[in-house]
Every structure is written in C-alpha cells, then in structure tokens.
Amino acid sequence: MIHDFGIVWSERGLLLSGLMNTMLLSALAGFCALVLGVLLSTVLMQRARLLAQTARVFVDAARCTPFLLFVYFVYYGLPSAGLRFDNWSAGLAALIVYHTAYMGEILRGAWMAQPREPIEAGQAFGYTGLKLFRRIVLPPLALASAPVVGNQIIQIIKDSAFLTIIALPELTNAASSIQSRRYVPFASFIIAMLLYWALCLVVEAGVAAAGRMAQARR
Amino acid sequence: MNITIPTMPSDNTHALKVVGLSKSFGALHVLDNVSFGVAPGETVCLLGPSGSGKSTLLRCINWLERPDAGRILLNGRQVGISSGGVVMSDSELAAMRMHIGMVFQHFALWPHLTVLQNVMEAPVHVQRRPKDEVLAEAEALLRRVGMYEKRDAFPARLSGGQKQRVGIARALAMKPTLLLFDEPTSALDPELVGEVLAVMRDLAREGMTMVVVTHEMAFAREAASRIVFMDRGVVVETGDPETFFSAPKTERARQFLLRYASGPVPNAEPSSIVPLNPESASIRP
C-alpha cells in the first residue's frame, strides 16, 4: 500500500498540473459566473415582464439540467448546430453558463430578503441606477449571500471533475490516468479526493472571513 | 424670535407648497386634494389617525410615491415635473431629492457602513463634495446628536434611539432646505423617544424647515409652528398648536385628541384596545 502511494508520488507532476488546471477552471468559472450572476439577478428583479420572464426560463432550464448532460450538449451537440469549441473553451463555457443560473438565483433570493427601507433611503438621498445598485444595494446583498455563494463555488470545483469526459486534463483526469496506467486506483483516487477537500477548505476560509464581516454588521 | 403670523404668506415665502395633491392605491383614495404650505424655518406637524394618509403625503413630497394629481413646490420649483411639463428623469428627480432630507420610521441606515460612513456616504458620493470637508462636518453633526463616540460602530450595534439620531445626522449632512420626518419615534421603545425628540426640538428652535409626521402630541404642541390635522386623506383642520390642542375647531380633531388625552401613546388605535368582555371573563374558573 505504501508502495502504491510511492507510485502516485512519482506521478506528482501530472497530479500537480491537474490540480492547477482545476484551480484555474474553478477560479475563472467562479469569478465569471458570479459577475454574470449579479447581472442576471438585476434582470430577474426587473419589473419589465418579458425580460425577467426570459431570464426566469433560462434559470429554471439550467437548474433542471444535469451538468454532465449539459457538457455533452455543449461539446458534442453544439458543433452540429455550427458552434465548434475546443475542449477548454467548451468546458469553461459550460461551467460559467450553468453556474451563472445558480448565482443569479442565489442573489435574487437574497435581494428579495433585503429590507426595502435602506434602498428607499438611497433613492431619497439622490442615488439612482448603477450608483444606487453598486453603493447601496449590492454591499449588504454580497454579505448576506456570501455563504451560499461560497457553497456554489465549491459546487463549481466539484462539477469541474465532469470535464474529464471531454478530455480536459484537470485533477480527476490526472488521477484517472495514473490509476489506469499504474494500477493504483485506491492511492490515486484518495489523493485526488484529499486535494479537492483542500481546495474546498480554502473557499470555506474565504466564506468565514466574509461571515465575520457580515456578523459585525448584523 | 419667531414673529411670523401663521396666515398664508405669498408664494415666494414658502419653502414648501403642496397644492391639490391626490393619490390613490387602486380604489383607495389615500390623499384627496391636499393643500398646505410651509414657510422657511417653520416646523409643521402632520397629525391624524393611522391610515389617514400622512406618511403617503410625506413620501409624495420627495416623489418616493408618485402623486396622481396636484403640485409640490420646493422654494418655488416644482418637484417631479420638469419645466417642460413632463415627468422628471431619474437623475433630475435625484437632483431635487438632494435638497429634501428624510428621516425614516425604521431608521433605514445602510447596514454595511459605520455610523460615520453612513453620514458621509451621500454628501461624498451623490453631492461629490470634498471628503475632508464632509468628514469635518459629519463629525460635528455626530457630536451635535451625541453620537460621536459611536462613529465607528455599525448600525446593528446601536439602540433604536441611537440609530434614529444617526438618521437625523445623515439627513442634515446633505444640507437640505427641507427635512421630512416619517414617524421618527414610532418604532422606538418609550424610554428612547426622549433623546430623539430632544434633537428634533433643537432643530426646530434653530429654524430648520421641517415637516414631521408624529403621534407625539406633547412634542407637536411644544415644537410645532403649525399643525396640519388629517383624516381619511383630507386636511381637516390647520392651525397654531395652542388653538388646535386647547380649542380644536372640528369634531374629528376633538375626537382624535380625546384619544391622546391620557398622555402620548405612540400609535394608539382604538382597534388595538381589547374591550373587556364579561362573557369571556366569566369562562375563567
């Protein structure tokens, strides 16, 4: 058994590059999905019916689609409609689009739960449009939704493992490759699991910091 | 010494003039042809039973609520409607609202900012005044309302009375020509009402132009230049506080004052008083 871990150690370069790719994919997808999710939440909160309803349909559709199926669709399905991506673009786009729907819905929910009066006070003090949103609406919204957003970023990290099926050389792909070539499934998979766990701990530390900020203001 | 006679002065002597204001929510007429004026330096108290349209009237003055009919003039300039006769754009409305300070029933402080940041926020980011100048003024205002020691605290750590004093400092920091108070003490525990009223009394004495919706009769009697009494969306009676409280002209005002005769009870309503029912009392063993 110790020997098996030795074999995994000898493949550490591959594991490390898989880990880096997972981190890169998750960070990029998390950032983009969050930014787009903020935009999406403003659309979901619009009083203009058509716009809000269209966004609503997108959110519901995304939330009811298994991520694996969505990746298949983007990578294998879209090319027959004339949209061809390499596996990196397809994987990243799938992660971003899919999780934007969740982020938008998370922020919309937190927005609905915000008290109306401070926002109204913003209007009474002369804030409008983007400035009202950026300075008055968004900061308490971000603090209130930080734990759920953190959870969603953890979900993004885990969903990135599905991208192994379109041959993206991320962490799961690396672990899988090591076990199939060197016949050390237990050691390679458990190391990969520990590495995913470590990534999630980093995210949770960030969430905890945001939580402390929110606590002081609650 | 305030020697203005509470008769209708001519137009340009009004800081605020409300003419024929009406507002309905569906079939409910909340405001029906309401008119009154506020001279510079006056404190006008809007009194009336809950649901009489006082808060809606206040919210119509800065167009947080859009009136259906009527005009609001702030120092002779119409609020909400531009000179071309069309409804103001959001940025035009915002520019008007900067001159009208507002203090809210539930304080409405911005929860993510400290006390000092709350006071400085709009002067710096809306009025774009230099930060060091605003800082000095904000600190002076916080001293004045007795909240300087708490300048780095977040609103959530304050009592209701403290929050409301910050709310008043925040409104004053905009240097408004008119200050609106929407039931500023109704959400406070009784023992905290006094500290807020003391600040408001000082402002009235110093000649701040204010419109105050309140249920604090003692405050209205002492600090108001004029009383506007409303019921069911119409102005029933206006007058100087002494006359209004000692010899109201209308039956409705008399009835209203009777309810407060035993002392100032915030938000007291007849429906909230459970009548003694001999039948239900007899069920008890």
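Predicted model: local features only at pLDDT ≥ 70, side-chain atom pairs only at ≥ 80, totals over all residues.
Chain A contains nine helices and zero strands. Read from the N terminus, its elements therefore follow the order α-α-α-α-α-α-α-α-α. Along the principal axes, the C-alpha atoms of chain A occupy a box of roughly 70 × 50 × 25 Å. Of the 218 residues in chain A, 44% are buried. Contacts in chain A between residues at least 6 apart in sequence were also examined, and 78% of these join residues at least 24 apart. The accessible surface of chain A amounts to about 11300 Å², and carbon and sulfur atoms account for 69% of that area. The chain carries 17 positive and 10 negative side chains. The centres of these two sets are separated by 8 Å.

Side chains of opposite charge can pair when their charged atoms come close. Over all chains, the search of the whole structure returned 22 salt bridges. One of them is formed by A:E11 and A:R182, with the closest N and O atoms 2.9 Å apart. This pair links distant parts of the chain, as A:E11 sits in the loop between α1 (2-10) and α2 (12-44) of chain A, while A:R182 belongs to helix α8 (residues 171-182) of chain A. The two residues are 171 residues apart. A:E11 has a relative accessibility of 12% and so counts as buried, the limit being under 20%. A:R182, at 34% relative accessibility, counts as partly exposed.

In chain B, a salt bridge joins the side chains of B:E137 and B:K175 at 3.2 Å, N to O.

B:R165 is buried, having a relative accessible area of 12%, whereas B:E195 is partly exposed, with a value of 25%. Elsewhere, salt bridges that share partners unite A:R56, A:D60, A:R63, A:E105 and A:R108 in one network.

Chain B also contains an open sheet of four strands, arranged in the order β2-β1-β4-β5 with antiparallel pairing. Strands β2 (28-38) and β5 (77-78) of chain B form the edges, each pairing on one side only. Within the sheet, strand β1 (residues 16-25) of chain B and strand β4 (residues 69-74) of chain B are paired in the antiparallel sense over five bridges. B:S22 has B:A69, in β4(B), as its bridge partner.

Key
Residues numbered from 1 in each chain as written. Chains lettered and ligands numbered in written order. Heavy atoms only, no water. Buried < 20%, exposed > 50% of the residue type's maximum accessible area, 1.4 Å probe, protein only. Contact = heavy atoms within 4.5 Å. Areas by Shrake-Rupley, 256 points an atom, 1.4 Å probe, with all protein chains shown as cover. Lys, Arg positive; Asp, Glu negative; His and termini not counted. Charge placed at Lys NZ, Arg CZ, Asp CG, Glu CD. Salt bridge = Lys/Arg side-chain N within 4 Å of Asp/Glu carboxyl O. Pairing = 2+ DSSP bridges.
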